[in-house]
Amino acid sequence: MADATIITGQYVRIEQTLASAGERLLARMVDAVVVFIYEAALSVVVFYAFDVFSNDQFPEGLIVAIILLALLPALCYSLGWELFNRGQSPGKRLLGLRVVMKDGSTPTLGAYLLRWLFLLIDIHLFQCIGLLSILLTRNSQRIGDLAAGTLVIKEKNYHRINVTLDEFAHLSADYRPVFPQAENLSLEQVDLIGRTLSRHDAERPQRILELGGKVRRYLKINPPVSNEALLFTLTRDYQYYALEEI
């Protein structure tokens, strides 16, 4: 079974087991059954409504609008479930799969939207192109995954984090995070902060100044501490939240 391994800095290794093409196909079939049941139930309700109410009671445009509105949950099925259920549709949940970004973080709205839009190419227009892409790409990604930068992984291996004893010693048993926003940082961003802090050359002060300013703007925080102290604290806070998932 294929794995996607990411090493960040000197202290975090995240290993994610990729979902196989068969598992993803089975999850898609489960979701298709759920959508079919919904559409079948909707059809019964619509036909019953037409029997009860004559066509001249409602404008034709209103009837069409109601039908389209009722079909919206089926049309946005994948987008809605993955967005509001942390990357899992009912089919993925049943199979123990989850959508994540390549760095292991939770996908953004834009990423979920891209995956959903590319379903038109991956599944609906060209039928098997999505399956072929999963089989042929290195990280088992369909076209939508490639565009959005996402992976579908086995949930049981989600965020399996290993921390060295030396790094673990930096956090005391009663350590409490200073900045909750640190949890929103990606592994790649924390890796960049760690590499910047570990530099010992003439450019280090300028790089810390620039990175500190970007981090303050990105996280929308502006504490009265030096940029170096801020970056160091954020790495410790991030590690605290990472250790909570072990």
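**Entry 1: the largest pocket**

For residue classes I count Ala, Val, Leu, Ile, Met, Phe, Trp, Tyr, Cys and Pro as nonpolar, Asp, Glu, Lys and Arg as charged, and the others, Gly among them, as polar. I am working from a predicted model. I looked up the largest pocket and sorted its lining by these classes. The lining has 19 nonpolar, 4 polar and 7 charged residues.

I then asked for the volume. The largest pocket holds about 690 Å³ of space. Its lining runs to 30 residues, and R28, S78, L119, I123 and H124 are the closest to the centre.

Which helix gives the largest share of the lining? I found that α1 does, with 9 residues. At least two lining residues also come from each of α2 (60-75), α3 (77-84), α5 (109-117), α6 (119-125) and α7. Helix α1 itself spans 21-52.

I went on to α3. Its buried residues include Y77, S78, L79 and E82. S78 is also one of the residues closest to the centre of the largest pocket.

After α3 comes R86, and its phi is positive. The value is near 55°, and R86 is not a glycine. I placed R86 in the loop between α3 and α4 (90-95). Is R86 buried, exposed or partly exposed? Its relative accessibility is 46%, so I noted it as partly exposed.

I checked α7, residues 129-136, for burial. G130, S133 and I134 are its buried residues. They cover an arc of only 100° around the axis, so they sit on the same side of α7. The face turned away from that buried side carries L135 and L136, which are exposed. I noted that both exposed residues there are leucines.

I then looked at the loop between α7 and α8 (143-148), where S140 is found. S140 has a positive phi near 55° and is not a glycine. Its relative accessible area is 13%. The cut-off for buried is under 20%, so S140 counts as buried.

**Entry 2: aromatic rings**

I turned to the rings. A pair of aromatic rings is described by the distance of the centres and the angle of the planes. I counted 2 aromatic pairs in the model. One that I looked up is Y240 with Y241. Their ring centres are 5.5 Å apart and their planes stand at 80°, so I wrote the pair down as edge-to-face. Over 60 degrees is the cut-off for that label. Are Y240 and Y241 buried or exposed? Both are buried.

I also found a charge over a ring. R236 lies over the face of F232. The distance to the ring centre is 5.1 Å.

Last, I looked up L211. It lies in α11, which covers residues 204-219. Its relative accessible area is 11%, so I listed L211 as buried.

How far apart are L211 and L231 in sequence and in space? I read 20 residues in sequence. From C-alpha to C-alpha the two are 8.5 Å apart.

Key. Residues are numbered from 1 along each chain as its sequence is written. This is a predicted model: local features need pLDDT of at least 70, side-chain atom pairs count only at pLDDT 80 or more; totals for chains, interfaces and linings use all residues. Side-chain values use heavy atoms; hydrogens and water are left out. Rings of Phe, Tyr and Trp (its six-membered ring) pair if their centres lie within 6.5 Å; planes under 30 degrees apart count as stacked, over 60 as edge-to-face and the rest as tilted. Buried means under 20% relative accessible area, exposed over 50%, partly exposed in between (1.4 Å probe, protein chains only). A charge sits over a ring if NZ of Lys or CZ of Arg is within 6 Å of the ring centre and within 35 degrees of the ring normal. Helices (H or I, at least four residues) and strands (E, at least two) are DSSP runs, numbered from the N terminus. The arc is that of the directions from the helix axis to the C-beta atoms. On a 1 Å grid over the protein atoms alone, a cavity is a set of points where a 1.4 Å probe fits but cannot get out, and a pocket is an open set with protein on both sides within 12 Å along at least five of seven lines; lining residues have an atom within 4 Å of a point. Grid points are joined across faces, edges and corners, and a volume is the space filled by probe spheres set on the points.
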